[in-house]
Each structure stands twice: as C-alpha cells, then as structure tokens.
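Student: I would like to go through the terms used for this structure. Could we set each value against its definition?

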Amino acid sequence: MPSPFPGMDPYLESPDYWRDVHSSFLVEVRVALNATLPLGFVARTEERLYVVEPDRSIYPDIALTRQVPERPTGAVSAAVIDKPIVYFTPPEEVRESFVEIRSVKQGGQIVTVIELLSLANKMSGRGREEYRRKQYDLLRSDVHFLEIDLLRAGEHTIALPKPSESGKEYTACLHRGDGSWRFSTWAFGLRERLPRVAVPLTEELPDIALDLQEVFTAVYDGGRYGETIDYSQPPFPILRPEDVQWAKTLLS
C-alpha cells in the first residue's frame with residue numbers, strides 16, 4: 001500500500017514513527033548508493049551515541065516503605081510517613097545513524113557524510129548540541145556534507161538559512177568540501193515529490209544522483225506504515241491551514 005501523499009508523508013513525522021523511519025531511511029540510502037557508486041567507493045551506515053538526561057519519560061517503580069508499628073495505648077505515637085510513589089529516571093542513551101561514503105583505495109578515507117535530521121537534532125538539548133558540533137567540524141573539513149531535513153517541527157538546523165518561500169517545509173542541503181563554501185539546496189513542499197539530489201565524490205568523478213523519493217517509497221513500503229497510520233486523524237505536527245483541505249481531499 002503506497003503512501004497517499006505525493007512526496008513526504010507528514011504522518012511519519014510523529015515521534016511514534018520517526019525513529020523507525022530515520023534508521024530505515026538511512027539504510028535505504030546506503031542500498032541506493034552502493035547500487036550506483038563506482039568501484040573504489042562504498043557507503044556504510046555509522047552511528048553516534050550520546051547520553052541525555054530524562055525530561056518527559058518517567059516510569060513508576062515499586063515504592064518501598066517501612067510501616068512504623070503502633071505504640072501501646074497511652075504512649076506518644078510517632079508520625080507515619082505516607083507511602084510515596086517512587087520514580088526511576090535513568091539517563092537515556094540515544095543512538096543516531098548517518099551514512100558515510102569511503103574511498104576504498106585511500107585506506108577508507110571519508111569522502112561524503114549524509115545526515116537525516118532527527119527530532120533531537122532540532123530541539124534544544126544534548127542532541128542538538130552534538131549535531132551542531134559535528135556540523136561545525138564537517139563544514140570546515142574537506143568532506144562533502146549532505147543534510148536532509150524531513151521534519152517540520154523544531155528549530156531550523158541545517159547549515160543554510162531557512163528558505164523564505166512559503167510551502168517549502170522540507171530541505172536538503174549539500175556543502176562541498178572543496179574549501180569554496182559553496183552550497184546547493186533543494187527546498188520542497190508537502191505537495192511535491194522528494195527531489196533527486198547530488199552526492200559528490202572526488203573532483204575527477206561526476207556526482208551521483210540520489211533519488212530521495214525512491215528511498216522514501218522503499219521505507220514506507222518496507223515499514224508497512226499504511227497498515228498502522230490512522231489517516232482519519234490530523235497528523236502531528238498539524239498542517240498549515242492552506243494544506244488541511246488539500247490533505248482531506250487527497251485522503252478521501
């Protein structure tokens with residue numbers, strides 16, 4: 001069952017789905033790249049790990065209390081502590097995937113890094129700090145850096161300023177690691193297919209075309225999201241007012 005939307009499906013931006021979408025999307029990017037990369041280059045999924053303090057997710061644990069025995073009649077009674085609810089809130093390990101293209105001939109040197117932004121990357125906190133630190137380092141290196149943002153929620157995080165054109169909720173941004181500070185960007189909206197973006201390798205080789213729509217379609221079909229998404233309810237985040245009726249017509 002294909003997605004009813006022509007491009008990005010806004011229902012998959014929900015935290016209920018996004019973690020699975022994020023990891024699956026990057027696996028499909030790796031598959032697509034390895035099918036087209038020339039000999040001597042290989043795409044691999046990598047992972048970064050960081051620890052965040054809990055903020056919203058707290059889980060009740062067993063409350064252990066000791067009941068003070070009753071004293072004999074006439075004696076002064078000690079105050080009895082009311083039974084509390086105890087919460088266990090350990091720090092959470094967060095793992096985020098990304099894709100690296102490496103040159104086999106040059107001892108596995110990293111040529112290109114591809115990031116799909118997560119919700120944690122776009123919200124204040126450790127996840128955003130870690131991402132911005134990596135972004136800073138890559139933009140000042142000789143590694144090509146492709147950022148893909150398919151989330152409407154959160155702060156603008158990719159390297160280029162947010163597109164001013166209305167209805168362009170999603171963005172892909174490529175920075176070439178040739179010292180020129182040259183950026184290419186693809187801004188697209190809910191009503192459009194995802195673009196085919198450039199993935200550079202070396203100066204001697206032409207860019208590889210990465211079809212983000214084909215990647216997304218493979219993710220949607222493989223995740224069988226059409227069987228679990230309730231399209232009768234509004235998505236989260238909610239749509240722009242001008243897209244609400246369009247979406248209703250599309251889904252009907």
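Tutor: Gladly! Let's begin with Phe5, Tyr11, Tyr231 and Trp246, which ring pairs link into a cluster. The model is predicted, so local features need pLDDT of at least 70 and side-chain atom pairs pLDDT 80 or more, while totals for chains, interfaces and linings use all residues. Residues are numbered from 1 along each chain as its sequence is written, and side-chain values use heavy atoms, without hydrogens and water.

Student: What makes Tyr170 and Phe188 an aromatic pair that is tilted?

Tutor: Rings of Phe, Tyr and Trp (its six-membered ring) pair if their centres lie within 6.5 Å; planes under 30 degrees apart are stacked, over 60 edge-to-face, and the rest tilted. Here the centres are 5.9 Å apart and the planes at 35 degrees, so the pair is tilted. Tyr170 is in strand 7 and Phe188 in strand 8, so the pair ties together parts 18 residues apart in sequence.

Student: Why does Tyr170 count as buried?

Tutor: Buried means under 20% relative accessible area (exposed is over 50%, partly exposed in between). Tyr170 has 0% relative accessibility, so Tyr170 counts as buried. Phe188, with a relative accessible area of 3%, is buried too.

Student: And why is the pair of Phe216 and Tyr220 tilted?

Tutor: Their ring centres are 6.2 Å apart and their planes at 40 degrees, so this pair is tilted. Phe216 and Tyr220 are four residues apart in helix 3, about one helical turn.

How values were computed:
Helices (H or I, at least four residues) and strands (E, at least two) are DSSP runs, numbered from the N terminus. Buried means under 20% relative accessible area, exposed over 50%, partly exposed in between (1.4 Å probe, protein chains only).
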